[in-house]
Amino acid sequence: QSSTGGCTPGTGGFEPWKACSTQASGAYIFRPNTEKGIPGPFSKYDTDLFYPGPSGKPTLEVVQGPVVTEVRQIYSDWVTHVVRLVKDKPFVEVEWTVGPIPKGTPWADPSSPVGKEIAVRYHTGLKSEGRFYTDSNGREMVPRDRNKRGPSYPPLVVSEPVAGNYYPVNTAISVDDGDRELVVLTDVTQGGTSLTDGTVELMVHRRTIDDDSRGVFEGLSETMCGCESGLTHPLVRCDCPGLTVRGKHWLVFDVLAEAHVARRELAEELNFPPTLAFTDAAVEQGQKSWLAAALPKQVKLQTLTSNYASWHDDQVMLRLSHQYAAGEHAVLSRNVSVDLGSLFGSGFRVRAASEMSLTSNQDRGTMENRRLVWNVTDVTGGAVHSQIHAVQSSEKWQPMSGLVATLRPMEVKTFLVDLERPAVAFV
């Protein structure tokens, strides 16, 4: 629960936070109360969390089938989740549903409404030694150390042991012990942390009562019909229920090398599912690809568009990205080359290509020649440089050789290509 109200659910299960002092949680501030929560089924671990409803065991139902096995759990009338094991899939799916979050909290504090900030916490026996990782916009996995900051920051005085360890999670958060890793993949951006060794926690929903004094002059209490719940203006009344939110987490637990491959491939599957299209016209049956062959495992075709062709003499923009960081995998983190001339099939062919800056506003070679070289001193004795080089390739940019492009770890390259098209083109 938050200062003046807020909660978080936990562990393969849900529980709420109670918030602190006179600073309220709200639209901009997360400030939970670190008092011990009401004992629940996970109280052995989650002494800082509140059970989302009257204290007791969640109900459990197991449904088994030839393809999917589901474990359905109900924690209260506003918090449920379904755990799914899908045949031949390397992950466990947790589909959580939260809401409408009640404003009243009679099981915890009957005196007044209490805001709640709901999180899911997963427990393992991994000895992660205070370190966890969160992705940066789906790219590098950034190391985070509990109650610490990076070497370029002054020593941290811990005044917010919960909120101060929360970081944005766009696609993945993980903990490991050097041999094995737990990865939790998300289908939307959420806040996440690891407050104790071997745990991963993600905030999935919030409803706060009071304004956090950052300019919006209201609590974070949206409703299904758009009005602010509890509004008492004589001409406007809002009796609509709060929002209900549903999402998915995919859990991977494996040795490091396999977990690193799985998290990259599954993040793409979870966040970029196939687009469905429907028509009553006659269509050709079967499968078809405009690629001549599969791309290397570490390469993604990021962009293929003719949106800017009128500015570039009818050239098409093509963007390729390397999906692995330096050191992330023994094989897949190496440089990789792609021949653009043999990339496409089905009547499409790249006749010529030039590499551009990321946004395609200048030639890449010209940009590299103009790049400023900064004289810098690492005042931390090399700690900052070591942190950067741990995930960034030390190799220099490689220009194209004919139509062959070479990508370094985590590199994204943009090309303008002269694309030969069949009579009926898709771009």
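**View 1. Lining of the second largest pocket.** Strand S7 (131-135), strand S8 (141-145), helix H1 (256-271) and helix H3 each contribute at least two residues to the lining of the second largest pocket; helices (H or I, at least four residues) and strands (E, at least two) are DSSP runs numbered from the N terminus. The model is predicted, so local features require pLDDT of at least 70 and side-chain atom pairs pLDDT 80 or more, while totals for chains, interfaces and linings use all residues. Residues are numbered from 1 along each chain as its sequence is written, and side-chain values use heavy atoms, without hydrogens and water. A pocket is an open set of points on a 1 Å grid over the protein atoms alone, where a 1.4 Å probe fits, with protein on both sides within 12 Å along at least five of seven lines; lining residues have an atom within 4 Å of a point. Strand S8 gives the most to this lining, with five residues. In total 30 residues line the pocket, and Tyr133, Met141, Val142, Pro143 and Val391 lie nearest its centre. The lining comprises 13 nonpolar, seven polar and 10 charged residues (Ala, Val, Leu, Ile, Met, Phe, Trp, Tyr, Cys and Pro are nonpolar; Asp, Glu, Lys and Arg charged; the others, Gly among them, polar).

**View 2. Lining of the largest pocket.** Helix H2 (364-370), helix H3 (383-389) and strand S20 (412-420) each supply at least two lining residues here. Of the 28 residues that line the largest pocket, Arg371, Gln392, Ser393, Glu395 and Arg408 are nearest its centre. The lining is made up of 12 nonpolar, seven polar and nine charged residues.

View 3. Lysine 300 belongs to strand S15 (residues 299-305). With a relative accessible area of 17%, lysine 300 is buried (under 20%; exposed is over 50% and partly exposed in between, with a 1.4 Å probe and protein chains only). Leaving out residues up to four places away in sequence, lysine 300 touches Glu268, Phe272, Leu295, Arg319, Leu320, Ser321 and Gln323 (heavy atoms within 4.5 Å).

**View 4. Lysine 300 with two of its partners.** The side chains of lysine 300 and glutamate 268 are joined by a polar contact of 2.8 Å (a pair of N or O atoms within 3.5 Å; within protein, one must be able to donate a hydrogen and the other to accept it, and residues adjacent in sequence count only if both atoms are side-chain atoms). Glutamine 323 is 23 residues from lysine 300 along the chain, and their C-alpha atoms are separated by 6.9 Å.
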